[in-house]
Amino acid sequence: MQKSLTSTLVFQLDIHEGSQQLLDSGQLEARRVVNEIFRLDDQGYDWQTIKDKVVERSNHVKNTTQRLFDKATDALERYYDEDEYGHPRQNHDESFPIRMNHGEGYQLSVDEASESVSFRVTALKRNFVRGTLKSSQHQIERLKTALTDDDWRVGTAEVVKKQDRYELHINVTHETAEVTAKENAKTFIGVDVNEDCVGLAAVTESGVEESVVIEYPEVKKTRHEYFTVRKRMQSAGQTTLETEVQNEEQRFVHNQLHQVSRNIVEWTQQFEDPVIVFEDLKDMRDDINYGTRMNRRLHSLPFAQLQNFVSYKAAWSGIPSEKIDPEYTSQECVDCGYTTRSNRQGKRFQCVHCGFQDHADRKAALLISAKGLEKLNRNVPALNSPPIVRVRRHGNGLSEPADHDPVSSVRGYQTDGETGGVSG
Ligand SMILES: [Zn+2]
């Protein structure tokens, strides 16, 4: 299935420099340009002449005027092709969107220190509005990926007025993705993301195919270290140094997550018609211990980023993704269905009702796969006798088939991460 991966991300503008009034003027000028195009077309000028004239007279930069020309002539083309709408004449709506090219009419940059994205919009020639974009963490992460990942392109954007507030609607496009329809998927890959490892389980309607836990304790450890260092600098008032350390930390985490997400997609590709199933991050509070602010900071980044990296890399390989409700994925027993917080003790899952035992993160991945099957109306097989858990340390590429008893494999997991066994 051919699937275009262009989507429009919506952001609120937090204006630091320039003003809303400047954007108002930009919108009025956009309306004037479009109205002029309609009028000149009415008078019988050819389009090249119209384009030259409006570009010359416009108080918008050349590229922005050209994008406005494209939009106006699209409307005119529809009129001439279909002959059913009236000729688009004067547009009286005051809030005509300013349409711009990235890098010309508007610019975006990732501010590593504050984890935010800054914008610069040219509201009129030589008149800039600057500030930061506001939206959900998820949208911000998607935009950052589009800005930094070679597979993605940031396209045109429009300044749109909603009530009294301005928004920036940004088109992002995956260059060459051809993604399989998830309705045709056969193997459901549940992905359970944790701050030190990711659990993966491949489940079909006939049973559990395979599972693995990929550890990346360095990410957790290094983030802890950076956090401590930054906190010390903060209290010493060394803000410049703190920013540097923060940039360094983000580069490290970014690289690690890219590698881990590559591993996940590679593992997924061995299965027939896979679909990757994630927990929907919007409502994960139930499953995570958000005890302290530090906990929250440590958690927030890898979850969203890793999911984004994985789904983008998967899409690049034609693999679709799906999201499920994460409620109780870490607490529910896959054997009897009994759900309680006390079923989970660290990396160990043991059902207090029926005694079923498993590696907690592998079990969560199984349940995520099952919820994926359910969501796409498939039969969910029995999950109570899954294959041996494989634990793989990210970075050395080795995997170790765990002991046949899942519980002792959990114990082994906690104490013995460094040793590699059979290559896999
Ligand atoms: Zn149970």
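A: A residue is buried if 20 or more other C-beta atoms, placed from the backbone, lie within 10 Å of its own, exposed if 12 or fewer, and partly exposed in between. This is a predicted model, in which local features need pLDDT of at least 70 and side-chain atom pairs count only at pLDDT 80 or more, while totals for chains, interfaces and linings use all residues. Residues are numbered from 1 along each chain as its sequence is written.

Q: In which helix is the place of Pro217?
A: Helices (H or I, at least four residues) and strands (E, at least two) are DSSP runs, numbered from the N terminus. Pro217 lies in helix α5, which covers residues 217-236. In space, Pro217 is 8.4 Å from Arg393, C-alpha to C-alpha, although 176 residues separate them in sequence. Just after α5, Gly237 adopts a positive phi of about 75 degrees.

Q: How is the packing of helices α1 and α2 described?
A: Axes are lines fitted to C-alpha atoms, for helices over the stretch in contact, and angles run from 0 to 180 degrees between N-to-C directions. Here α1 (residues 20-42) and α2 (residues 47-57) pack at about 145 degrees, their axes being 10 Å apart. Residues are in contact if their C-beta atoms, placed from the backbone, lie within 7 Å. Among those that meet are Val33 and Leu40 in α1, and Ile50 and Val54 in α2.

Q: Which residues have the most contacts inside the largest nonpolar core?
A: In soluble globular proteins, nonpolar side chains tend to be buried together. A nonpolar core is a set of buried Ala, Val, Leu, Ile, Met, Phe, Trp, Tyr and Cys residues joined through C-beta atoms within 7 Å. The largest has 51 residues, and Val191, Leu200, Ile276, Val277 and Leu366 have the most contacts inside it. Helix α8 contributes the most to this core, with eight residues. A second, separate core of 36 residues includes Leu13, Ile50, Leu68 and Val117.

Q: What is the strand order in the open sheet of three strands?
A: Strands of a sheet pair through backbone hydrogen bonds, either parallel or antiparallel. Two strands pair if DSSP finds at least two bridges between them. The order here is β13-β14-β15, with antiparallel pairing. The edge strands, β13 (344-345) and β15 (357-359), each pair on one side only. Helix α8 (residues 360-375) packs on this sheet, touching β13, β14 and β15.

Technical notes
Two residues are in contact if their C-beta atoms, placed from the backbone, lie within 7 Å. The expected span of a helix is 1.5 Å times one less than its number of residues.
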